Amino acid sequence: MLEKYSIHTDLALEEKERFESDHVEVQGVILEEEYDKEREIRITKVKIETEKGARAMGKPVGTYITMEAPNMAVPDEEYHREISEELAKYIKELIKIEKEDYVVLVAGLGNRQVTPDALGPHVVDNLAITRHIVKEYGKYAMGEDAVHMTSAIVPGVMAQTGMETLEIIKGIVKETKPDLVIAVDALAARNSKRLNRTIQIADTGINPGSGVGNHRNGITEETIGVPVIAIGVPTVVDAATIVNDTMENLIAALETSETLKGVGVVLQGYNATEKYELIKELISPHLNGMFVTPKDIDETIKRIGYTISEGLNILFSERTCS
């Protein structure tokens, strides 16, 4: 059944949870968790160490760090500052550059005209860009002995440019020669509770549009020649996920009913994979390709975009990255 199980998610954490719910152990994949009770921030690290584990997870070998913070959806500036600081710390963990000051290109992926897909452009809007200043006046113009030079690009999407995002990024990397590329994009999640409350950081690069079935060429170290750190926030879930969550609530309600308890027991006998496949069959073909986003997505994207940009600004203002 697992071979047929197609789930729309960009989160490595959710792929790992899928196997755990089916009581399947994935060899070569390590899970580490820590929880900050005071700030209600859960950090989960999924380390895929072998090719066998990568094939099972459907994701490349590498480290995936997930920050879950339910209060991220709340417009609390002080709390979002704490998220930014945590984000800077965990991005720093994944950067393996020995230089005191390095050159970084931030790519804000996505379509600015489609709000749930506009996270990357909003992040770039609030970045402190320094490359042009350092090249013109030197690093001492920034008041520091060591300065990380930052540049940024919003490449748009293929329908707007007629070019693959990879082609654009690759050309810029060839000309500007950064030491690192940080790609920021909106993601798709399996669990609706993670929408706009989760940030994933990965050292494996990114495949734009993969979560919603629009597979574009991957932006990875192998394809562009420099390390790529991917940062993403899930902003959409597919229709089958919404129905699946509703079914779980229905099952719980049926189990408390004396007359309908038998129906709940039967449905409870299905594992997560079987439930999801059943739901996909029920809602197809009309809703099968539909994705859903929260109604307050406009303000949320701006807020989270600023939070991520502040995390990057904090990181780039540090004197060293090692």
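Reader: Why does Thr44 count as buried?

Author: In this predicted model, Thr44 has a relative accessibility of 0%, and since buried means under 20% relative accessible area, Thr44 counts as buried. Thr44 lies in strand β2, which spans residues 41-48.

Reader: What is Thr44 in contact with, leaving aside its neighbours within four places in sequence?

Author: Contact means heavy atoms within 4.5 Å, and on that basis Thr44 is in contact with Leu13, Leu31, Glu32, Glu33, Tyr64, Ile65, Thr66 and Glu68.

Reader: What makes α12 largely enclosed by the rest of the structure?

Author: Of the 21 residues of α12, 16 are buried, and therefore the helix is largely enclosed by the rest of the structure. Helix α12 covers residues 297-317 and reaches 30 Å from its first C-alpha to its last, close to the 30 Å expected at 1.5 Å a residue.

Reader: How do you know what span to expect for helix α3, and what does α3 reach?

Author: The expected span is 1.5 Å times one less than the number of residues; helix α3, residues 77-94, has 18 residues and reaches 26 Å, close to the 26 Å expected. At the start of α3, a side-chain oxygen of Asp76 comes to within 3.1 Å of the backbone nitrogen of Glu78.

Reader: Which residues of α3 are buried, and what covers them?

Author: The buried residues of α3 include Tyr79, His80, Ile83, Leu87 and Ile91, and their cover includes the strands β1, β2, β3, β7 and β8 as well as helix α12.

Technical notes: Residues are numbered from 1 along each chain as its sequence is written. This is a predicted model: local features need pLDDT of at least 70, side-chain atom pairs count only at pLDDT 80 or more; totals for chains, interfaces and linings use all residues. Side-chain values use heavy atoms; hydrogens and water are left out. Helices (H or I, at least four residues) and strands (E, at least two) are DSSP runs, numbered from the N terminus. Buried means under 20% relative accessible area, exposed over 50%, partly exposed in between (1.4 Å probe, protein chains only). A polar contact is a pair of N or O atoms within 3.5 Å; within protein, one must be able to donate a hydrogen and the other to accept it, and residues adjacent in sequence count only if both atoms are side-chain atoms.
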